[in-house]
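Reader: I have a structure here that I have not seen before. Can you walk me through it?
Author: Go ahead, show it.

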Amino acid sequence: MAANSCGFTTSVGTSGADATETNLLDALYNLANGNAQGPYWGAFHPVQLRDIQVDIATSSGAVWGASSGPLGLGQIGEMAMLYGVLCVTSTNVPTANAGA
């Protein structure tokens with residue numbers, strides 16, 4: 001699946017920039033606006049998911065910024081839900097700096 005990502009036609013964010021919570025929310029909006037039927041899932045490089053975690057935590061967000069911290073995603077391949085999106089981590093997903 002990660003090898004086929006270059007064929008996707010709608011993307012959000014800026015190449016070379018950290019992934020953000022806003023990027024994830026924009027992606028959800030684009031899917032809903034395009035009438036894509038859920039449930040949704042996302043495959044993230046651990047660096048990308050960490051970027052989103054840090055963005056939420058530093059903005060005092062309640063999802064991963066809560067005092068109890070994030071649930072799951074401590075190890076590569078683990079899954080957790082964020083805004084109804086099943087998030088999976090894999091180093092097979094390229095980072096923006098690796099030509100995602």
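Reader: Where does Asn-35 lie?
Author: This is a predicted model. In it, Asn-35 lies in the loop between helix 1 and strand 1, just after the end of helix 1.

Reader: And what is its phi?
Author: Near 60 degrees, which is a positive value in a residue that is not glycine. Most residues other than glycine have a negative phi.

Reader: Is Asn-35 buried or exposed?
Author: Asn-35 counts as exposed because its relative accessibility is 64%, and the cut-off for exposed is over 50%.

Reader: Which other residue has a positive phi although it is not a glycine?
Author: Tyr-83 is one, with a phi of about 55 degrees. Tyr-83 sits in the loop between strand 2 and strand 3. With a relative accessible area of 37%, Tyr-83 is partly exposed.

Reader: Let me step back. How many helices and strands are there?
Author: The protein chain has two helices and three strands. Along the sequence they come in the pattern α-β-α-β-β.

Reader: How much of the chain is buried?
Author: Of its 100 residues, 25% count as buried.

Reader: Now helix 1. Which residues are buried there?
Author: Glu-21, Asn-23, Leu-24 and Leu-28. Viewed down the axis of helix 1, these buried residues fall within an arc of 165 degrees, so they line one face of the helix. Tyr-29 and Asn-33, on the other side of helix 1, are exposed.

Reader: Why would residues a few places apart end up on one side?
Author: An α-helix has 3.6 residues a turn, so residues three or four places apart point the same way.

Reader: What span should helix 1 have?
Author: Its 13 residues should span 18 Å at 1.5 Å a residue, and the end C-alpha atoms are 18 Å apart, which agrees.

Reader: And helix 2, what is buried there?
Author: Gln-48, Leu-49, Asp-51, Ile-52, Gln-53 and Ile-56 are buried in helix 2. The helix covers residues 46-58.

Reader: What does Asp-51 touch, then?
Author: Leaving out residues up to four places away in sequence, Asp-51 touches Asp-18 and Ala-19.

Reader: Where is Asp-18?
Author: Asp-18 is in the segment before helix 1. At 55% relative accessibility, Asp-18 counts as exposed. Beyond its neighbours within four places in sequence, Asp-18 is in contact with Asn-23 and Asp-51. Asp-18 and Gln-48 are 30 residues apart in sequence, with 6.9 Å between their C-alpha atoms.

Reader: Last topic, confidence. What pLDDT does the chain average?
Author: The average is 73, and 62% of the residues score at least 70. Confidence is highest in helix 1, at 89, and lowest in strand 2 (residues 79-82), at a mean of 75. Over residues 1-6 the pLDDT is below 50, and beyond near neighbours in sequence that stretch has four contacts in the model.

Reader: Where else does pLDDT stay under 50?
Author: Over residues 64-72, for which the model has 16 contacts beyond four places in sequence.

How values were computed
Residues are numbered from 1 along each chain as its sequence is written. This is a predicted model: local features need pLDDT of at least 70, side-chain atom pairs count only at pLDDT 80 or more; totals for chains, interfaces and linings use all residues. Side-chain values use heavy atoms; hydrogens and water are left out. Helices (H or I, at least four residues) and strands (E, at least two) are DSSP runs, numbered from the N terminus. Contact means heavy atoms within 4.5 Å. Buried means under 20% relative accessible area, exposed over 50%, partly exposed in between (1.4 Å probe, protein chains only). pLDDT is the predictor's confidence in each residue, from 0 to 100. The expected span of a helix is 1.5 Å times one less than its number of residues. The arc is that of the directions from the helix axis to the C-beta atoms.
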